[in-house]
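The points begin with the ligand site and then turn to individual residues of the chain.

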Amino acid sequence: MTDDRARYVMIGGFLGAGKTTAVARLARRLVDRGLRVGLISNDQSTGLVDTAILRSKGFPTEEIAGGCFCCRFNSLLEAAQKLTRETRPDVFIAEPVGSCTDLVATVSYPLRRIYGDRFRIAPLSVLVDPLRAARILGLESGRAFSDKVVYVYRKQLEEADLVVVNKTDGLDAGLRERLVVALRTQFPRAAVHAVSAKAGEGLDAWFDAVMTSDGRDRGALDIDYDAYAEGEARLGWLNATARITADAPFDGNALLLRLADRVRERLSADGVEIAHFKMTLDAGGMLSVVSLVATDRAPDLRESLLDRVDGGELVLNLRAEADPERLRDVALRALAEAGEVRSAVEHVECFRPARPVPTHRLSEGAAP
Ligand SMILES: Nc1nc2c(ncn2[C@@H]2O[C@H](COP(=O)(O)OP(=O)(O)O)[C@@H](O)[C@H]2O)c(=O)[nH]1
Ligand SMILES: [Mg+2]
């Protein structure tokens with residue numbers, strides 16, 4: 001008997017772990033094999049760098065803004081329906097908000113129990129950045145988030161079917177081994193994979209597990225929603241867009257790297273830990289993309305503009321354990337002082353994520 005249900009894949013994990021990179025990798029692989037994909041990105045507000053990145057690669061992508069999947073379950077369904085009307089995906093790949101957890105009970109179970117005739121639910125993958133995870137699991141010292149944020153981080157790992165250590169390229173072999181052992185010991189329910197989404201290493205076993213097995217049936221995560229809400233609200237969120245103009249052509253990649261460094265220096269002086277700071281400069285459909293995933297790490301130019309440009313649209317997403325107004329002030333000041341260019345800020349939103357209130361919360365065995 002053939003199964004014509006679409007596979008629903010969720011690739012979760014904390015901010016900066018490499019979800020969007022992995023989503024694009026999996027999507028490319030499936031498309032190369034003749035399958036149709038539909039991608040769903042998600043954020044607490046609008047103006048998403050991730051959506052711009054995924055669309056620039058040519059994948060049909062819907063964005064759910066203004067709340068996470070669990071709290072906007074119906075928007076998730078609508079996004080899937082829209083993609084179905086337009087491209088009839090064989091596989092949906094959804095990237096939840098990086099500060100979100102309890103996804104099995106609030107998204108996977110309801111999808112399976114209520115819409116199981118339409119979707120086949122893949123195991124939940126949770127990606128980790130190895131250096132971030134090594135600090136959080138106590139294997140390495142260094143700047144880290146507060147215990148409140150760490151609560152959310154650990155809950156993400158607790159509910160994973162597949163824990164995926166990402167960024168193995170350039171990772172010290174000894175640390176990689178210690179990390180895999182620590183994850184297996186502390187989160188024994190999950191299978192642990194180690195991959196580089198960027199370099200394309202180790203992906204076969206993980207993607208095969210995602211594409212050929214189903215999410216495991218088990219009771220809902222034991223989670224205290226007060227602690228979860230508090231942990232999530234420790235993170236400040238800033239989304240901004242600005243129109244960039246200049247009198248003479250300029251190097252757009254260097255502009256973004258300069259902005260990332262300025263913001264990092266100021267927040268470092270404040271003792272703030274950055275979770276993920278990402279920016280795109282869209283110059284007539286060509287993109288420069290820069291990411292920064294910890295205050296003490298260098299910015300990464302993930303996509304570069306080949307030529308100098310006259311201007312473009314800048315999208316800036318910053319998530320850090322700090323007062324959101326402070327993030328706004330630091331980012332806007334860096335922009336104002338960027339030199340070489342003029343910037344007209346068109347949209348700014350800064351806030352702390354609201355308490356998560358899931359549309360559904362089902363555990364296995366519960367009636368829908
Ligand atoms: N070295 C390395 N960097 C990676 C890898 N995967 C993602 N990154 C980088 O990590 C940063 C965050 O990636 P992104 O996919 O946006 O993470 P997300 O916030 O979880 O969606 C970007 O600078 C990526 O280029 C990887 O396998 N190796
Ligand atoms: Mg992302």
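1. In this predicted model, the shell around ligand 1 is made up of 20 residues. The closest of them are Lys-19, Thr-21, Asp-169, Asp-300 and Arg-302.

2. Which kinds of residue make up the shell around ligand 1? By class, 8 are polar, 7 are charged and 5 are nonpolar.

3. Lys-19 places a backbone N or O atom 2.7 Å from an oxygen atom of ligand 1. For Thr-20 the contact involves the side chain, with an N or O atom at 2.8 Å from an oxygen atom of the ligand. Ala-197 contributes a backbone N or O atom, 3.0 Å from an oxygen atom of ligand 1. As for the cover of the ligand, the protein buries 93% of the 580 Å² that ligand 1 exposes when taken alone.

4. Where does ligand 1 sit? Its place is the largest pocket. Two elements, helix 1 (19–32) and strand 12 (300–303), each give two or more residues to the shell around the ligand. Helix 1 provides the largest share, namely 3 residues.

5. Lys-167 is located in the loop that runs between strand 7 (162–165) and helix 7 (173–186).

6. Glu-340 belongs to the loop between helix 11 (324–336) and strand 14 (342–351). Its relative accessible area is 48%, so Glu-340 is classed as partly exposed; a value over 50% would be required for the exposed class.

7. Arg-33 occupies the loop that joins helix 1 to strand 2 (37–42). With a relative accessible area of 56%, Arg-33 is exposed, as the threshold for that class is over 50%. Between the C-alpha atoms of Arg-33 and Met-10 there are 20 Å, for a separation of 23 residues along the chain.

8. Asp-224 lies in the loop between helix 8 (203–212) and helix 9 (225–233). Its relative accessible area of 40% makes Asp-224 partly exposed. How far apart are the C-alpha atoms of Asp-224 and Lys-155? They are separated by 9.9 Å, while the two residues are 69 residues apart along the chain.

9. Leu-131 is part of helix 5, which covers residues 130–136. Leu-131 is counted as partly exposed because its relative accessibility is 36%. The C-alpha atoms of Leu-131 and Arg-28 are 27 Å from each other, and 103 residues separate the two along the chain.

10. Ile-11 is a residue of strand 1, which runs over residues 6–13. Is Ile-11 buried or exposed? A relative accessibility of 0% means that Ile-11 counts as buried, the limit for that class being under 20%.

Terms used
Residues are numbered from 1 along each chain as its sequence is written. Chains are lettered from A and ligands numbered from 1 in the order in which they are written. This is a predicted model: local features need pLDDT of at least 70, side-chain atom pairs count only at pLDDT 80 or more; totals for chains, interfaces and linings use all residues. Side-chain values use heavy atoms; hydrogens and water are left out. A residue is near a molecule or strand if one of its heavy atoms lies within 4 Å of it. A polar contact is a pair of N or O atoms within 3.5 Å; within protein, one must be able to donate a hydrogen and the other to accept it, and residues adjacent in sequence count only if both atoms are side-chain atoms. Accessible areas come from the Shrake-Rupley method with a 1.4 Å probe; for residues, only the protein chains shown count as cover. On a 1 Å grid over the protein atoms alone, a cavity is a set of points where a 1.4 Å probe fits but cannot get out, and a pocket is an open set with protein on both sides within 12 Å along at least five of seven lines; lining residues have an atom within 4 Å of a point. A molecule sits in a cavity or pocket if more than half of its atoms lie within 2 Å of its grid points. Helices (H or I, at least four residues) and strands (E, at least two) are DSSP runs, numbered from the N terminus. Ala, Val, Leu, Ile, Met, Phe, Trp, Tyr, Cys and Pro count as nonpolar, Asp, Glu, Lys and Arg as charged, and the others, Gly among them, as polar. Buried means under 20% relative accessible area, exposed over 50%, partly exposed in between (1.4 Å probe, protein chains only).
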